[in-house]
Amino acid sequence: MSATLVLLISFFVLCLIRVPIAVSLGLSSLFALSLIDFTMYAVIQKMFTSVSSSALMAIPGFIFAGIIMSRGGISFALIEALKSWIGHFRGGLALVTISACMIFAAISGSSPATAAAIGAIMIPAMVEAGYSKRYSMGLVAAAGTLGILIPPSIPLIIYGVVSEQSIGDLFTAGILPGIFLGALLMISAIINARINKYDTLPKESMQERIRKSRKAIWGFILPILILGGIYTGIMTPTEASFVAVLYSVIVSVFVYKEMKFPIFRGIVKESINISAMIFLIIASANIFGMFLTTEQIPQSITQWIESSSTNVWVFLIAINLLFFVLGMFLDAVSIILITLPILLPLLAIFDINLLHFAIIMTINMELGMITPPVGLNLFVVSGITRESVGNVVKGVLPFYAVLILGLIAVIAFPALSLGLVK
Amino acid sequence: NKKSSEPSATSSNEVQEITIKLAHEVSENTSQHVGSLAVKDYIEKESGGKIKVQIYPNGQLFGDKDVYQQLVANNVQITQIDMAKLVGEDTRFNIPSMPFLFNGDDEAVKFWDSEKGLEILKSLDKDGIYGIAMWPNGQKHLTNDKRPIKTPEDLKGLKFRTQGGQVLEQVFSTLGAGSTSIPFTELYTALQQGTVDGQTNTFVNIESKKFDEIQKYLTVSGETRVDLGLFVNKKFMDSLNEPTRKIVEEGLKAGTDSARQAAKTMNVESRQKLEERGNIEIYELTTQEIDAFREAWAPIYDEFSSIIGEEYIEAAKQTNE
Amino acid sequence: MKKILSILEIVEEGIASFFFITGSIIAIYGVFMRYIFNNPVGWTTEIFEIFMVAAIFLGFGMALKDERHIVVDLVYDKMPPFIKKIFNIISNVLGAGFSIYLMFMGIEMVDIARVQGGVTVDVGIPIWLTYMIMPIGMGLLSFYFLVRIVSVIRNPVKDEEQENIERMKNAV
Ligand code: NA
Ligand code: NA
């Protein structure tokens, strides 16, 4: 236990004296690991292997594609066209952003990839249309988490394998709650737009709309290309991210003619920088998690909850709190792998449907992605906007309430998750 | 802070108080986990609780990518590794991937228990790892969602996923099929969306990973195998005194017996489950059909027998007699 | 010193960009070979991963130089300039210590892998070669932490107002 205290205290102190979060995570883990029986050189090996995952490589791919689109004229044309169609509605662009995240979530199994793909285009668009930057960032970070709820979903696949549930059924169970959470976010966006009375743009003529849409046609084709490419089985999401890169380069160079070599060079450098920032955090968070797992901390807490829960509601509240705390530091897949096997017997005793519980767990994992100190969606958004994580967190707070509301509704109404499952 | 896995010298006839970490990357409904539990039960019971065995399943601590170096570093003391992942350490670990080399589990076990088999398992001694025994997962069978596979020609033009490695790549390319390596987290979606047409795996893996939900045809081909090596850190083992070492060794034996038994029954059970669920059309190859495949794959033996070592291939073949 | 820094920057950026762009091209090539030519190539996934990981490890230092790594400003922002300076020195020393330590661990890992003599499963590249990026990446990261220590110590303590003015200038 003392080593765990060293871990947590040194982590917070390091963060507060402005050591980068990635280094704080890594350094505090090194301190803690040196207090237990651990051969230290293997730490760097763990960092290396946690970065070497082709599934994670969709993140740099979509970041790269997103920056090319925003600097190469594609985003500009796309935003102009979108504004001409819905700019005169209050909250219109926010709704577009949420829909875009939902559509993207339907092809990608990862939340940070979703936030990266949509954020690089839509945040600048929203800011230009008069939304506050903080709100725009929070919206993308929150709506991006739908990536793991709306199928396909990497965490749900892992859940299915560990719990012996049909992955197809789990995917089906995620559909309604995914749409439901998306709808809640949309309602909150409409209310927010009403309250803040965001400027609306003058309504544009049909002629003007068609002209702008024609110009933006190349941008509209991209999502079709990616969606189609993945759904028809031409490529995996990771590969799709790089095909999007190729497509964006071609369109920027030959159609919009805005891509010059120095600009491209800057884009590459920025993509590497943001990816490196995110992956150093992933690598360090993995050592942090490795320490906790070795010391059996999450396992012990889960067992304790299991042994002290007397009724189903106490259990559900305790388990949601546990997921919240673990979600602060660990990634979704680790949390499932560590806690689910221990929870399965109790879920049977309390007669909680495993598909229903999967959705509860996944929404908790979504919250984890926007909960500091380690929230990948926060970092992705902070990376593409160059805003501090603190500002992103402030932007996310209202959406936190929305997602928790959704979580409570999903817990209370199992029909939401089980309705479509036959 | 006493290093638990490097016990200090105690009186040499007393069982040492230690904690052993055992990590594996598969879920708890597998023969590997059954075997791991048997190791734990035996050792904890026989040592009167002095030795603790902590199991980390599901790759929650270390998985296929890092467990090797973590075992070398003694951050985990016991693990099982898929031999297909070890071909980069020693090409002889390609043996389970050689088509139709063994008739079944018993023959494979017989080979790996023989002098030649143990020689290969012990080849990792140089890195500080003891190879103890082979734990079978079983024969692999082809699944795909394009057409029932009955002849080698049926594979032509299909795209398969493999765990990687040159022999497995050749198994497909020889028959005009393509192969690509896709990580497990992306495999279910890749099969569902058709990025690859099929894969090959044991009944247990096909059933527990739900591939019958997204694949139409299963051919009971048993063309290649998944076999694991049970490995233990050498420094740890050598640090044990006589009575402690004996308990650990016996525990590993108990685990091996139980894992081997479980692999057999679980593959039978999984096949039954697949049949009951009825999502996937199961076709069992006849002896003649298997012979056609055997002939089609003969070139693989021409190419890889010398790389692996003729004497090992011969010794493996002899187990079938 | 300035000159060395700018040469390092060009070399480092060039190599990282090479890995990043070539990695991207390999991913696309894999799709084309599998789908258009129906002839999947076995080596693409492995090489793609190795290249992207190399770009990312080289990026650790670049990201530090460009102030990309995420920090918590909550307490720092409320501190007087003198304390800020102390925070800056300590945090960069710790950052340098962390990355230098990992650099040496990386060298040890390369050594171990060389003795082991393993190769990658698909292509057969020596493992130690792929491990080289660990000490190189961590070495570059530690270098930029050291550069920051020097510049923090050299620069006089600034008061808040001045700092804000400078920020504004940079923004313009
Ligand atoms: Na998704
Ligand atoms: Na978090």
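Predicted model: local features only at pLDDT ≥ 70, side-chain atom pairs only at ≥ 80, totals over all residues.
Within chain A, helix α5 (residues 74-86) and helix α11 (residues 206-215) have axes that come within 8 Å and cross at roughly 155°. Because angles over 145 degrees count as roughly antiparallel, α5(A) is roughly antiparallel to α11(A). The crossing in which α5(A) passes α11(A) is left-handed. On the α5(A) side the contact involves Ala77(A), Glu80(A), Ala81(A), Ser84(A) and Trp85(A), which meet Met206(A), Arg209(A), Lys212(A), Ser213(A) and Lys215(A) in α11(A).

Between chains, 45 residues of chain A are in contact with 36 residues of chain B. The area that chain B and chain A bury between them is about 3500 Å², with 50% of it on carbon and sulfur atoms. On the chain B side, the residues that lose the most area to chain A are Gln60(B), Glu186(B) and Gln193(B), which together account for 17% of what that side buries.

For chain C, an unreviewed UniProt entry lists residues 15-37, 43-64, 85-107 and 127-147 under "transmembrane region". The table gives the computed helix and strand content of two of these spans, including residues 15-37 and residues 85-107, together with the separation of their end C-alpha atoms.

| Span of chain C | Helix | Strand | End C-alpha atoms apart |
|---|---|---|---|
| Residues 15-37 | 96% helix | 0% strand | 31 Å |
| Residues 85-107 | 100% helix | 0% strand | 33 Å |

Conventions:
Residues numbered from 1 in each chain as written. Chains lettered and ligands numbered in written order. Heavy atoms only, no water. Axes fitted to C-alpha atoms, helices over the stretch in contact; angles between N-to-C directions. Helix = DSSP H or I, 4+ residues; strand = E, 2+ residues; numbered from the N terminus. Parallel < 35°, antiparallel > 145°, perpendicular 65-115°, else oblique. Left-handed = near helix turned anticlockwise from the far one by under 90°. Contact = heavy atoms within 4.5 Å. UniProt positions renumbered as here; feature names shortened; annotations may be inferred. Buried area = accessible area lost by both parts, 1.4 Å probe.
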